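The entries follow in the order I took them.

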Amino acid sequence: MEKSGSVDSLGSKRSSSRQPSVDSLSRLSSTSTSTSRSDRSGQAKPPSAMSSDSVSTSAEFSPELRVKPKASAKVIRESDKEEPQLLPNETVQDMAQDITYFCPFTGALRGTVTITNYRLFFKCMDREPTFVLDLPLGVVSRVEKIGSASSRGDVSYGLVCKDMRNLRFAHKQLEDTLRKSIFEVLMKFAFPVSNGLQIFAFEYGQVFPENGWKVYDAVSEYKRQGIPNESWRITKVNDHYELCDTYPSTLAVPVNIPDEELKRVAAFRAKGRIPVLSWIHPESQATVTRCSQPMVGVNGKRSKEDEKYLQAIMDANAQSHKLFIFDARPSVNAAANKMKGGGYESEDAYQNAELVFLDIHNIHVMRESLRKLKDVVYPNIEDSHWLSNLESTHWLEHIKLILAGALRIADKVESGKTSVVVHCSDGWDRTAQLTSLSMLMLDSYYRTIRGFEVLLEKEWLSFGHRFQLRIGHGDKNHTDADRSPVFIQFIDCVWQLTRQFPAAFEFNEYFLVTILDHLYSCLFGTFLCNSEQQRLKEEIPKRTVSLWSYINSQLEEFTNPLYVNYSNHVLFPVVSLRHLELWVGYYIRWNPRMRPQEPVHQRHKELLAKRAELQKRVDELQREVTNRSASSSSERAGSPTRSITPVQTFV
Amino acid sequence: MLTGSKTTFKVRQMLPDIKERMLSQTGLNARSRDVFGLRCLPGECVLQRAVMVRKKLTAREGRGWLSGTLFCTHFRVAFVPQDSPKPDDNADPVLLGDHDVALASIEKVVVVGPNRTKLVTPSSSLKFTPEELVLYCRDMRVICFLFDRLTPDAQVIEITYTIAKTAKSGSVLSFQNAALGSVEMKQFLSNRHRDTHMNWFESASDWEQELERCGAMSWRVSSVNDRFEMSTSLSRFIVVPQKVLDTELKKSFAHFNEGRIPRWCWRHPRGSDLLRMASFQNNIYHEKDDIRCEHVGCFLLDAGACFRHLSEMTQTWSDAFSLFRLADISTSVSVPDDKWLSTLENTHWLDYTRSCLRKASEVACLLRGGHLTVALQEAEDRDMSCVVSSLVQVMCDPHCRTQLGFQGLVQKEWVMAGHRFCSRINYRRDNDKEEAPVFQLFLDCVWQLWSQYPSRFQLTDEFLLALHDSIQLPLFSTFLANSQRERCKRSQNLGQTYTPVNGWRDVLHPDSSDPSDPPLPPVWDWSLQYSKPTQDRFTQPVAPTPPLQPLLNGNLNTNPDTHRLADTIPGSVFLLSRGTFSCPANLLPWRSGSSGVYKKSHRRALSSENVPGLERLLKAWALTDFPQALTSTSGPQGPLDPYEPLLPLLMGPCMGLWRECYLRGALHAQAFSHPVSANHPHPVERLAQEVQQLKDKLAQVSSSTDPTTPTATAEPRRTDTNLNQNTNNGTFLFPSSRPQGSGAPRAAAPPTSTNHQTSRGPPPASAPPSRPAHKDTGGSNKHTFLFGHSSGTEARPEQRYYPAPNSAKLPKSNGPSLAS
């Protein structure tokens, strides 16, 4: 998340593996670091990194600043320019001096603003150390001009950001009326889609050693799960996205349903999103399948093909003679959908199926809840009523409902050995949350870094979670009702799981924060567009860099040192509000007073390093010993000296 | 001592074999204390037993279920897992096993039937066969046992009754007798050696040691209160200014409530002293009786003022208490989940924790300024003063963040200072008015600090939890008295078990002791309560590394420049009373009108320059503004001063709830419990174990290879070792072979086993004659953790606290030396 920052490593950015100078990094960037980790100063950050140095609060709160000797810091300072370190193909668009930034934590700061086609860069040289604010423009949700008729002739602009903060700047009234304010320039580049420009991800030319677009391959992922098998087959019926344009081209369906029938099922499901396999239990063959709501309507329409199809899903699992249909919505909403032609499966029509409503609210409720949460945490927190204020946002309650739903699904599949069908209305928001979370609980593969990437690529990206609409990349229409923090909510749920099972995940908190930061940054192509079809049409994999290229090129940054590969362990989290916490490291990270006090990760890393070092030493010595004993005991066969066993490792 | 227990013993309900067994217990065969796999304490007898019971494991224990046998004795409810290892008859008695709960800490017994839940009291009758037995404990544990269909109904009902009756009807004394009253137990306890590595603050030399540790040269230990004549609630030794003579001192007691004169507690390395005192007896105004506090600048900080009132606080606690309770019962009264946060907020528990921490942080910052004295004044000086003064020391003194240092701190600021443990805990349930969880509040504050600065503590939250739970066990001399005087009265006829030889002891109150009372151990004798593996978790596996740079949190202006007040006017006296400044002449009210010189200096001290300095300090706490000066002055300054206070973040989202303590066993939350990762120790622990194993291996391998490393000497060596081999049946090839042999099963054993290290204890059957190297490896099995404590080490805890691990070359011997 560090922004690469520093000018002096400008020339060296060809390869991602290079090591930018530690000093420059920690000086300019680090600090803010958004993430809860404060221990990362000394490591190389690929330039691609991210944003969010944000309120970098001048380092006064960043512990790592003090590690380095003063002398070297000084050298850097002299070489400082007022420009940010630019990414490949990033170009400066405008620059203005004497801009005031009203930091809610440190007060007003005067400095220089640089706008590029990727970022806003504010630098205040008055402070010691220099205060830097480095903001990818993709984060900006709206720019508003505030009180232009200020007495001193100042023009003030407010930037509402998608990542839980607001920024306020002001500058003097421009004498030259023809000249555009720098914030007008900002608006142009912050909303490229609305201004007929290209999102920066298409220009970003960084080359990483690994190609993240190769992380996910649908066929091999199904193969990993054992598909095709005697009950499930892979169909190419949607190869040209004719069956369903929001689904991926590769789908796994029951063996005994021919492609022709799939088309008839698609006619009965909203947007043609038929039930398809997400995950299959390796032993019981119980499955998680996802779809959209049935088009029942007010008249209670039925579809023989759909009923047969669900029966086939149930029959594919010999362990159970029941099928659970989890409707993510509250039952009232599900019923209301009948007015629009949708609805839910009636238990009369679907024999042996049991319908369960999970009471998760829609995207509009979630958006409102997050807005309230932002009010409560940014910029100021009211200590005396903190808990009740937090309660009134209902954010944790929503998190709880989602986790509880996923838990029920996982429990049905694991303990009940029963197949489940999950849907909401369209099957791309709440359904994605539920299936991916339950798969995370059920399958330890998804708890590795690469596995998690596969999970996102599969359940979210390929199955058409509408990232473009939900996030509004480069779009100035901030009131768009399609925007909603569905994906943030999902990552929050994952974080809650990592809190309850600290050793079960290969990735750390920084990994999750990085994903969320690049969800907005528009630096990588991963989260662009709404569906696989669109991504293919836009040639996203060809024209942009994948976030996974960046992440997989420096895995050590994102690795949880405590990871234990509990393979075949199913996680059943406690979903009571008593055991859920607010993700302070993400939602309140801009508040410098919330910074964690201790680099705990650092200690764990040291422990790991120590172990690796000792292990190496033991290996060496044992090899020596073995060699010597082999030479001395060649005549004594089967002597127990060979019993030297390497010490087991578990991380 | 068994006659007393007979009265509650229902012979006819016992299974005959148990009865038989019990009788044999009372008879000669006391050596084998194993009853149905339950290792009884000497004299302990099993009242009831139920087989095929499953215990629900908490998240910490790995969740899921554990099946075994449930017992009820006069002292405890014990649970023995099915495949638990055979107890070793020669081992020292442990009061409570890992799955046991003392009857005295059971608050409520609830049974769950097929469709109902019932609170069981001694008089209630059960009309159904319970399926589940839930024990709600006073230490907030909730323990849940599930009966199997195969458990005989009679057993289920009887054990439920027995637990309910014995838990409710037993007095504190009978409970003590059940646990410690037997001859063997008394014998055993009187032979215990107490830990000499911690400071008990019982003798004058203990206090002198502390003075020396802190470098407090201008103070001395006075034994003026040796017979508790000056103050009944103070300890026998108090620390007073060097210059004050005992004769002068004696006159000052009358000026303070309960005779609790200002006394020294701790000295900050920058030369600031922390004092404690009770409020003034304001009826006496006498000039010559002050103890010359004015030799050092003196801040009086009224510790009591930051809390509304103690009784009010008690109310809060019981709110919070009942809340957690209710949350645990899945009955109609439980707090709905969606109201949890606001309900929690309404208990104000976190507010109280916060205000304690805030007050302590202020004091810590004042002390850090250097060369001034902060005196904590509270009406009685026995509650909040204890909390604040000990918190200040935990924040500022790394020694107090080690287990032994912390124990010493509790001895100094709570036990010796006369905190009314007995009344505040209210063991006898006879004085609810006095009951207040002051000590628990302190533990919660320490936990908050720990959770924000885990690596700056050598002790762990497990230690805090163990201490928290021990409070509810009325067995420890530490908690069973209101003052040191009471403790001395009780223990003085018990020989010198836990107290050093002292001439006064024998003549003190020779008539007040009850010879039938069992001797009470101090709580710090952890082996009585916890197994070795559990105790190992009381300390960090790896010594904390001192941070190289100050970690500033922005809460507080810690810039020393802003409050270097006393440096300029060393003799000045400030009075901060009840949160506001007042005329420093009030400091020693009886002095008013006399000694114009002093008055003058006081006046000068009040100059507007200085007082706002403190106000700025306090204002900074309001978090309204960032300290501007921080950036320039707190740059790289080399290694951090270890005495730099740990200032906690006190914003709402930073105050955590001690879930591991208060929400243990929130049963309803675990709707789907499955054995997820049962018996996996904490990953850090395993990592530490693994590092230790590697170090051990390294030590073993290197001890053999080191002498042979030069290739030139390898040849003769080898013949030598081969000779050695032949004497050992030729099984092994060279000296390191035995350790290797033991290493193989070690590596083969699952790394998850908790008592892994201890299992290495017995040497293999084919053990060669012991060599020094072997001895070392054998010795190291005590040290599960890399830099953990070992009772054998002579090193001071501080030295262990900041080791220089990198300098360690291949360690050859056991754990303690690894630490250096």
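**Entry 1: the sheet in chain B**

I began with strand β3 (residues 46-56) of chain B, which is joined to strand β4 (residues 65-73) of chain B by 8 bridges, the two running antiparallel. Strands here are DSSP runs of E with at least two residues, helices are runs of H or I with at least four residues, and both are numbered from the N terminus. I count two strands as paired if DSSP finds at least two bridges between them. Within this pair, B:Arg49 has B:Phe71 in β4(B) as its bridge partner.

Before going on, I noted the ground rules: this is a predicted model, local features need pLDDT of at least 70, side-chain atom pairs count only at pLDDT 80 or more, and totals for chains, interfaces and linings use all residues. Residues are numbered from 1 along each chain as its sequence is written, chains are lettered from A and ligands numbered from 1 in the order in which they are written, and side-chain values use heavy atoms, with hydrogens and water left out.

I then traced the whole sheet. In chain B, 8 strands form an open sheet, ordered β6-β5-β4-β3-β10-β9-β7-β8, with antiparallel pairing. Its edge strands are β6 (101-102) and β8 (117-120) of chain B, each pairing on one side only.

Next I looked for a helix on it. Helix α3 (residues 153-169) of chain B lies across β3, β4, β5 (76-81), β7 (106-112), β8, β9 (132-137) and β10 (142-147) of chain B. This helix runs at about 110° to β3(B). Axes are lines fitted to C-alpha atoms, for helices over the stretch in contact, and angles run from 0 to 180 degrees between N-to-C directions.

**Entry 2: the sheet in chain A**

I turned to chain A. There, 7 strands make an open sheet in the order β4-β3-β2-β1-β7-β6-β5, and the pairing is antiparallel. The edges are β4 and β5 (140-146) of chain A, and each pairs on one side only. From one strand to the next, the twist averages 30°.

I checked one pair more closely. β3(A) and β4(A) pair in the antiparallel sense over 6 bridges. A:Leu120 has A:Leu135 as its bridge partner in β4(A). Helix α3 (residues 182-190) of chain A packs on the sheet and touches β1 (92-103), β2 (107-116), β3, β5, β6 (154-161) and β7 (166-172) of chain A. Its direction makes about 110° with that of β1(A).

**Entry 3: salt bridges**

I took a salt bridge as a side-chain nitrogen of Lys or Arg within 4 Å of a carboxyl oxygen of Asp or Glu.

A:Arg119 forms one with A:Asp134, with the closest N and O atoms 3.0 Å apart. A:Arg119 lies in strand β3 (residues 119-124) of chain A and A:Asp134 in strand β4 (residues 131-136) of chain A, so the pair ties together parts 15 residues apart in sequence. Both A:Arg119 and A:Asp134 are buried. Buried means under 20% relative accessible area, exposed over 50%, and partly exposed in between (1.4 Å probe, protein chains only).

B:Asp381 lies in the loop between β16 (373-378) and α11 (384-396) of chain B and B:Arg276 in strand β14 (residues 273-278) of chain B, so the pair ties together parts 105 residues apart in sequence. B:Asp381 and B:Arg276 are both buried. Salt bridges that share partners join B:Arg260, B:Arg263, B:Arg276, B:Asp381 and B:Glu413 into one network.

I also noted B:Glu202 with B:Arg194, the closest N and O atoms being 2.8 Å apart. Why does B:Glu202 count as buried? Because its relative accessibility is 14%.

**Entry 4: one loop residue**

I looked up B:Gln529, in the loop between α16 (484-491) and α17 (532-536) of chain B. B:Gln529 counts as buried, at 4% relative accessibility. Leaving out residues up to four places away in sequence, B:Gln529 touches B:Val94, B:Leu96, B:Ser470, B:Leu473, B:Phe476 and B:Val523. A contact means heavy atoms within 4.5 Å.

**Entry 5: chain totals**

Chain A has 21 helices and 14 strands, and 65% of its 651 residues count as buried. Chain B has 28 helices and 18 strands, and 60% of its 820 residues are buried.
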